[in-house]
Amino acid sequence: MRTSQPRTIYLSEYRVPAFLVDHVDLRFELFENGARVHSTLTVRRNPEYPGVAEHLELDGDSLKLESVSLDGIELGADRYQDQGDKLVVQAVPDKFGLNVVTWIEPQNNTRLEGLYKSSGMFCTQCEAEGFRCITFFPDRPDVMARFRTRVEADREKYPVLLSNGNDVDRGELADGRHFVTWEDPFPKPCYLFALVAGDLVLKQDTFTTCSGRDIDLRIYVEARNAAKCDHAMDSLKRSMRWDEEVYGREYDLDIFMIVAVDDFNMGAMENKGLNIFNSSCVLASPETAADTAFQRIEAIVAHEYFHNWSGNRVTCRDWFQLSLKEGFTVFRDAGFSADMGSPTVKRIEDATLMRTAQFAEDAGPMSHPVRPSSYMEISNFYTLTIYEKGAEVVRMIHTLLGPELFRKGSDLYFERHDGQAVTTDDFVKAMEDASGRDLGQFRLWYEQAGTPLLTVRDDFDSEAGIYRLTIEQAIPDSPGQTSKNPQHIPFALGLLGSDGTDLPLRLFADENDAPSERVLELTAARHEFEFHGLSERPVPSLVRGFSAPVRVDYPWTREQLIFLMNHDGDGFNRWDAGQRLAVDVIQALIRGDEEGVDERLVEAYRSLLSDPSLDQALVAKMLQLPSEAYLVELADSADAQAIHGARTRVLDCLAQALRGELLECYRRNGDDGSYQLTPEAIAARSLRNTALSWLLHIGDREACGLAQTQYQDAGNMTDRMGALRALVNSCFVTEREAALNDFYQCWQDDPQVVEQWFSVQAASLQAGTLNHIRELLAHPAFDWKNPNKVRSVIGVFAGQNLAQFHQADGSGYIFLAEQVCRLDDSNPQIAARLVSPLTRWRKFAEPYGGKMKQALASVRDKEGLSKDVFEIVHKSLKE
Ligand code: PHE
Ligand code: ZN
């Protein structure tokens, strides 16, 4: 634990490493009471290092050092210093072999960084700085080495022994032990190292690459999960094909392995040839996993697989460049998901995440650029900004260059930097060199934090037939950054005529064949565009497809929004218009400007519900009211209860007025018995479950019966959970309790399903009271050591249950602060993620804001606070 104030690391301090490591030879002796790690490094001085380093410095964390030898000779204690977080070996030659033996205790590792145990198996997590918890090493991504790893363990308990690359040797040892040796031919940074030892079953398949090589695909899971691997395997094969077709990227090793582990801090990890997954991101069957889980698995399997090129073959120079691999890889997996399902729906989901959560982060105390320039704890920078905004930035390059030049750019990037550790700037440079475009100003997207606000105004000169659009951009101040420069923003635009069709966008009076959609490029603080040859005032469709991660201020009338909902040629903007309309109606209720719910909203929803000729996947999305989190994000000073109350009123009103349509929609979208993952089938399930939840929301007796029947008869988890969720959020107490009990009885042995059972209660207005949350924490299935359980109860309550978490007496905040302090001792990464709802205290009106701040201060005052939580809490409380 920390003794002094944590140090801030700056990008400007970057220096090339003094020493390089060409080879790493590892030998792991795994035992129940600990593990001995023998590491032999082939080290040489880095010719590019300015000056001469006398000492070799290696990073370490929680290691017990047993011995150090240099070129085969054990060093006396006077030749090195074990400083705990560093091993300094003095006066080293230019080239040498260094052998270090350390003792570690994986069985007591609750941080889940380095080597640890999860449900009886050994596994590792090394990104970002976990390798130093295994052995002393230059733990930085620009040191790339070839790894050879020998794993030794008890044969009975750990029949499967895995590491990166290819298995090159195996054999028996004394005392019922055995070993396997792995060799990874590709040099890699140590954060991509992985090891697994356990009693696992293997699901196998093959993939023939574009050049005709057969790849051995293996998914390792505990025996009880053997039947839940098919979807991940299919997703993997589709990802491999897609990356060949869309990016020309072929897989490079002979084996590709995935291992599922129950205890994992994040979603999954792209270790070379041996991806390790959180069980919840790989295991699925229609009976146990809902559609959202199937889609998440497909996306994450693809994401980790795509990292093999964007991350592993070309990696990051330092952790400030994290978005180099994450932003690009999220962009790649988004393209894949769009191609596998409905592109419009995928775009809606991504934009929703951006606008709800990333914009909030960008406007909060932890706001940072896509390429940050300082951090205290790198684990805190696996953020929506690095991942999601980073992906949006790559997407804008794609929009500016067009698909062909973008592909030329990515080819050049992979070719030029294969085997290197590079920067986001190298990525942009490759895009520039391949396309001939100047992305100089565009680079500000990487350097400036904050969400640009575009203020759009228009007027129409009916005499001249000219429509004028003025667009101003402003980027708000953020911690450490003020007076920002205008950014280069691709602004996709359409103009609709009164018949609902797209009009030609003539930027010059004499322009023939003008396109009906344009991407305007904003580079100045203010632009004025003129569109000629118009006979009527058009309705503008702005930032189509969310062409840039910006906020837009335009004085839409409700008529215009309804018109766009019905006619916009861009599906995304049809959805967006519906959201803006609903937001406008809800905000008017919050302000007290309007007494009741605008009839026009009801009618707009009525037409969505009752026109089966519309794209049902889009309709299913359009029917979702803006979330409470989004309404908070849009507010200047959020009154949590008022937001909840107004949104609830709108939902009540819609459900009452549309009862007939909802029942009809429910029937029309009945289960046909098969389970398919097409956009149509997913939309049908979403529609029937939305209808059900709305009807139960207003306490409809008939719908309660439908929900009970659906709960009993459901052929898949989407419908079973849909019915359970509707019941849990309803006023039917007996029915709700019966369903919850039955569900637990049926599924108590399946951790992924129990997590869903926790979440549905933690998110519920009815069942998610603070007292009930405390009961869930005391439930035998709850486990403080398992991050998924912690997230499914505490994370869901604080992040998704606005009304129960934001109690005016502050009890929800005090509760969260207590749990954060408790977790900080065992798993600081999880504690730091959990505290985030409190960091938004400035966003909330009184009494909420002040009480959130108090709770945050109580965390700050905890004895021995981890660096992870320290950074977040201190930055959030800073004046
Ligand atoms: N690199 C992983 C991914 O994005 C995420 C991760 C980070 C996992 C740190 C574990 C620890 O795919
Ligand atoms: Zn990633």
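1. Buried here means under 20% relative accessible area, exposed over 50%, and partly exposed in between (1.4 Å probe, protein chains only). By that cut-off strand β16 (residues 195-198) is covered on both faces: Leu195 and Ala197 are buried on one side, Val196 and Gly198 on the other. Strands are DSSP runs of E with at least two residues, helices are runs of H or I with at least four, and both are numbered from the N terminus.

2. This is a predicted model, in which local features need pLDDT of at least 70, side-chain atom pairs count only at pLDDT 80 or more, and totals for chains, interfaces and linings use all residues. Residues are numbered from 1 along each chain as its sequence is written, chains are lettered from A and ligands numbered from 1 in the order written, and side-chain values use heavy atoms, without hydrogens and water.

3. Two strands pair if DSSP finds at least two bridges between them. Strand β13 (residues 160-163) pairs with β16 in the antiparallel sense over four bridges, and Leu162 has Val196 as its bridge partner. Strand β11 (residues 121-125) is also antiparallel to β16, over two bridges; there Cys123 stands opposite Val196.

4. Around ligand 1 there are 13 residues (a heavy atom within 4 Å). Glu127, Glu270, Glu304, Glu326 and Tyr387 come nearest. By class, the shell has five nonpolar, three polar and five charged residues.

5. Polar side-chain atoms of Glu304 and Tyr387 each lie 2.7 Å from an oxygen atom of ligand 1. For Lys325, a polar side-chain atom lies 3.5 Å from a nitrogen atom of ligand 1.

Technical notes: A polar contact is a pair of N or O atoms within 3.5 Å; within protein, one must be able to donate a hydrogen and the other to accept it, and residues adjacent in sequence count only if both atoms are side-chain atoms. Ala, Val, Leu, Ile, Met, Phe, Trp, Tyr, Cys and Pro count as nonpolar, Asp, Glu, Lys and Arg as charged, and the others, Gly among them, as polar.
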